[in-house]
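Work through these exercises on charged side-chain pairs. Each task is followed by a stepwise solution.

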Amino acid sequence: QHQESKKDTLYKPLIPISKAPLLNNVDIIANMRYAFRNEFDKGTYTGSRFVNEQFRLEIKGKVLDKLYFRFRDRYTRNPETQSVDNLSRSTDLAYLRFDPSEHWKIYAGKLCADWGGVEFDDNPIQIYEYSDIIENSDNFLSGAGVGYLPNHNHEFTFQLLNSRTKTFKELYDSIPGINESKFPFAAVINWRGRLFDGKVTTIWSYSIFKEATHQYMNYFAFGNSLILRNFKLDYDFKLSLENLDRKFLVSNWIPGMKAAQGVTYMSHWLRADVRLSKIVHLTGTGFVDFAYWDGNPDPNKNKKLRTAWGYIPAIEVYPFDKYDLKVFLNMVGRIYRYTGYAQTKFGLVNDDTYRVSVGVITPLLVL
Amino acid sequence: QHQESKKDTLYKPLIPISKAPLLNNVDIIANMRYAFRNEFDKGTYTGSRFVNEQFRLEIKGKVLDKLYFRFRDRYTRNPETQSVDNLSRSTDLAYLRFDPSEHWKIYAGKLCADWGGVEFDDNPIQIYEYSDIIENSDNFLSGAGVGYLPNHNHEFTFQLLNSRTKTFKELYDSIPGINESKFPFAAVINWRGRLFDGKVTTIWSYSIFKEATHQYMNYFAFGNSLILRNFKLDYDFKLSLENLDRKFLVSNWIPGMKAAQGVTYMSHWLRADVRLSKIVHLTGTGFVDFAYWDGNPDPNKNKKLRTAWGYIPAIEVYPFDKYDLKVFLNMVGRIYRYTGYAQTKFGLVNDDTYRVSVGVITPLLVL
Amino acid sequence: QHQESKKDTLYKPLIPISKAPLLNNVDIIANMRYAFRNEFDKGTYTGSRFVNEQFRLEIKGKVLDKLYFRFRDRYTRNPETQSVDNLSRSTDLAYLRFDPSEHWKIYAGKLCADWGGVEFDDNPIQIYEYSDIIENSDNFLSGAGVGYLPNHNHEFTFQLLNSRTKTFKELYDSIPGINESKFPFAAVINWRGRLFDGKVTTIWSYSIFKEATHQYMNYFAFGNSLILRNFKLDYDFKLSLENLDRKFLVSNWIPGMKAAQGVTYMSHWLRADVRLSKIVHLTGTGFVDFAYWDGNPDPNKNKKLRTAWGYIPAIEVYPFDKYDLKVFLNMVGRIYRYTGYAQTKFGLVNDDTYRVSVGVITPLLVL
């Protein structure tokens with residue numbers, strides 16, 4: 001019952017802060033994407049259902065002059081406490097940010113790795129389906145970062161993070177010849193640019209993840225946007241070179257394989273958004289992912305194993321004036337093409353799926 | 001760290017909404033029922049404990065003109081993400097409602113199936129013990145609905161929902177001769193009436209749940225209330241005809257049975273509430289549930305397997321003027337009577353239990 | 001969709017309460033301790049990582065005249081519903097408190113056992129490492145309590161609680177000759193004193209926990225603080241006499257042992273806090289825990305099995321004027337010394353570990 005009447009520190013009683021500025025500066029948001037899905041495999045109807053595609057509650061804002069807080073938690077993921085950073089897997093974000101001046105930001109806590117790419121940087125509710133690299137990434141990591149903004153057009157970020165939330169053993173069990181590192185870190189550098197009066201923006205980054213001693217993941221992401229009056233075009237190029245397969249796509253394709261070594265994933269991602277009127281947008285997303293197993297010991301190998309396509313045409317309607325809620329009708333198509341080598345060697349089978357959905361997207365401000 | 005500085009949509013920046021109306025229109029509520037229980041079996045004292053009978057945090061309210069939000073999450077149920085609707089099992093409600101006019105409501109998200117019956121429609125903290133049908137129902141389902149209110153005295157609702165949150169395989173494993181349906185839906189129609197100047201109210205509904213191809217659950221619920229100055233009387237009749245046993249009561253009684261076919265549950269429920277003074281109420285609840293296995297292949301069967309009685313006398317005291325918090329003293333008795341056939345054939349044993357509890361109930365407004 | 005339009009009780013509609021007082025009287029707090037840890041074992045560097053050492057969201061405050069609410073939930077612990085009190089293991093607190101006068105408090109719900117001791121009574125974010133007794137205690141329990149404050153200098157508390165959140169069987173499986181009790185309760189009495197014009201404060205308590213019939217835990221804790229202008233000194237003495245090992249330390253040291261009988265834990269804990277300036281504090285914590293197995297059937301036994309030391313020097317910096325956030329640099333050292341008997345008989349091995357961390361502590365007021 002107590003643990004409450006005491007001052008939390010000895011000489012500095014918590015001075016009652018007027019709540020009015022807090023109320024105005026802090027937001028509680030329900031990030032939602034809800035849809036009725038109709039699913040098809042190779043052209044055959046396979047089923048329908050209502051799905052809570054995204055539901056993440058968020059509290060964020062300025063809690064004190066120059067001090068910011070952000071917390072976001074999902075209700076679509078089992079909340080298991082992670083052994084490395086000791087926080088629930090359902091918790092995306094839990095960090096403090098301090099801005100000593102308008103040119104610098106310092107932050108620490110559970111963060112989103114500041115990978116570039118427009119697809120990754122967008123609010124998850126806005127991405128109908130992620131491309132392979134992002135879909136299979138582990139990007140909510142504990143660490144610290146610093147941002148430098150020389151002027152309004154550029155921002156440079158550096159982050160140091162844990163490279164994962166689970167231990168090496170939990171993730172990979174044991175791999176002969178590979179030793180766990182003592183500090184499995186990730187280092188991320190990022191450039192956000194605003195060029196040509198904001199008509200072009202960039203989010204470029206390079207990251208290195210240490211998975212084990214002498215085992216690294218090098219990840220490059222180059223996101224670019226062209227923003228015109230009634231038209232926006234985004235293009236990302238992403239490349240992940242992985243000594244140990246961290247996405248587990250290639251590993252899962254090879255019978256009996258725990259973690260493949262020497263894997264490359266590459267991705268192109270394009271999205272166009274056409275504003276027909278204040279109320280109606282047409283958007284189209286297309287992407288292609290390539291998966292390679294460079295380290296395959298087979299002398300007759302084809303390094304390339306799969307090409308995976310995605311295409312997402314959508315109509316988006318904003319029924320409320322000046323409020324960020326949209327009703328959408330979309331089609332999410334995927335085409336999976338394995339190379340002849342992958343098909344004969346590992347028994348992998350091509351697939352074509354699509355779903356047609358109608359739904360609602362909103363980062364709903366609830367307080 | 002980012003994913004935040006970006007506008008959430010391209011052309012429509014989220015305009016800062018003044019928080020004062022949000023604060024007044026949105027409520028954060030802790031729905032609590034807490035009790036000290038003393039338990040008895042066949043008249044013998046078996047134990048005592050403090051129990052958090054209900055604890056559900058809720059955020060609800062009008063977030064924008066004509067747009068409503070409701071979210072409710074339990075801390076008394078393990079939060080496992082469900083495979084069909086992708087939301088935590090602990091989350092009761094997560095939906096948006098739009099009222100285009102005072103005559104129409106449209107809503108979508110994770111909902112409560114709009115079954116009739118006063119027992120079911122009440123806030124769960126107010127029901128000391130549910131009757132069999134409701135206790136074993138799966139009623140928080142994802143879907144969409146529409147409400148039509150021709151005038152202040154009548155409301156008609158139609159809902160289309162997923163029929164469950166788990167897959168057929170997770171729920172029933174496999175049953176020979178029965179195939180999973182492609183869209184296991186539930187359709188619900190409901191009438192809420194206000195008659196004789198509000199002295200009589202009704203909540204009647206009919207629902208059909210598709211469990212598998214050609215396998216349905218038909219559920220009827222007729223709730224009725226008589227509301228006088230210092231007296232309220234509620235009566236529900238409920239009937240559930242289930243091709244596949246969805247409540248799993250009958251199935252669990254039969255050794256080795258996964259899911260019984262051809263099951264009927266029927267229930268009468270009665271509650272009286274007498275206001276002795278502004279502070280003290282006496283309430284009494286009585287109910288009886290019948291369970292039948294119509295599809296029993298045994299030629300000598302008795303379709304009826306069990307009659308289960310419930311009786312709950314209670315004294316309720318409201319210590320705070322005009323605030324919805326009550327202290328209660330109640331007795332929750334249950335009488336389970338199996339038919340002779342069920343006793344000899346399946347080895348089922350009659351039981352009589354009751355518990356005497358003192359506790360507190362409140363839908364506590366915390367913000 | 002409904003369950004909402006109904007009034008929650010019959011005759012007492014929930015009167016809309018103006019939100020302004022609620023906003024001022026209710027706080028939402030993110031209790032955080034976040035650190036970058038560098039770990040050493042026997043002087044050898046073993047690894048580094050970022051850790052969310054504490055993250056507990058809290059809602060607390062006065063919801064009505066004389067009525068208080070407190071809820072606190074962790075994101076660093078798996079949320080499993082507990083079988084005895086029916087609430088999630090991640091939920092520390094969920095209770096209501098009613099103060100009939102300035103001299104009396106009554107409260108009920110999931111509580112913190114009001115054990116004395118300064119270490120235990122402090123906000124968990126302030127304790128870098130708990131001593132053995134507290135670290136291995138089960139202290140968030142459901143129950144009820146009453147507090148009596150004859151004047152501003154003294155408070156006396158009595159609590160009656162469940163003695164655990166899991167059943168006897170879940171905790172201990174079965175122990176020959178020991179029977180589960182029908183009401184496994186805990187009773188706690190506590191005195192908080194303020195002496196010599198507040199220069200000395202005390203938190204003393206005695207508790208009895210009934211684990212099974214004739215099996216008790218008797219726990220004594222005597223916390224004392226000396227508070228001067230720029231110096232604070234805290235000293236706790238704690239003693240736990242356990243018929244059945246509830247901390248499971250001794251039990252886990254003995255191969256094949258489920259729950260040792262006749263166990264004693266004793267602890268001394270000392271903390272000094274020196275204020276060098278308004279911004280910088282130096283703190284030092286030292287503690288020692290002794291573990292005894294009095295009930296060891298071995299005639300050649302040494303009752304004492306282990307002495308465990310802890311030492312925690314730290315520098316704490318408060319960068320924000322009048323706001324309770326501190327940056328710390330600390331060293332958390334532990335020395336584990338088993339007796340010769342324990343080493344030879346049970347194969348236990350001495351250990352020395354320490355970690356050097358830099359981090360942030362704050363009970364962050366987010367609304």
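## Salt bridges, step by step

Glu211(A) and Arg246(A) join their side chains in a salt bridge, 2.9 Å from N to O. The pair links distant parts of the chain, 35 residues apart: Glu211(A) lies in strand β9 (residues 200-212) of chain A, and Arg246(A) in the loop between β11 (231-244) and α5 (249-253) of chain A. Helices (H or I, at least four residues) and strands (E, at least two) are DSSP runs, numbered from the N terminus.

This is a predicted model: local features need pLDDT of at least 70, side-chain atom pairs count only at pLDDT 80 or more, and totals for chains, interfaces and linings use all residues. Residues are numbered from 1 along each chain as its sequence is written, chains are lettered from A and ligands numbered from 1 in the order in which they are written, and side-chain values use heavy atoms, without hydrogens and water.

**Exercise 1.** Classify Glu211(A) and Arg246(A): buried or exposed?

- Step 1. Take the cut-offs: buried is under 20% relative accessible area, exposed over 50%, partly exposed in between (1.4 Å probe, protein chains only).
- Step 2. Both Glu211(A) and Arg246(A) are buried.

**Exercise 2.** Check the pair Lys169(A) and Asp173(A).

- Step 1. A salt bridge needs a side-chain nitrogen of Lys or Arg within 4 Å of a carboxyl oxygen of Asp or Glu.
- Step 2. The N to O distance here is 3.8 Å, and the pair is a salt bridge.
- Step 3. Lys169(A) has 58% relative accessibility, so it counts as exposed.
- Step 4. Asp173(A) has 36%, so it is partly exposed.

**Exercise 3.** How many salt bridges does a search of the whole structure find?

- Step 1. The search covers all chains and finds 102.
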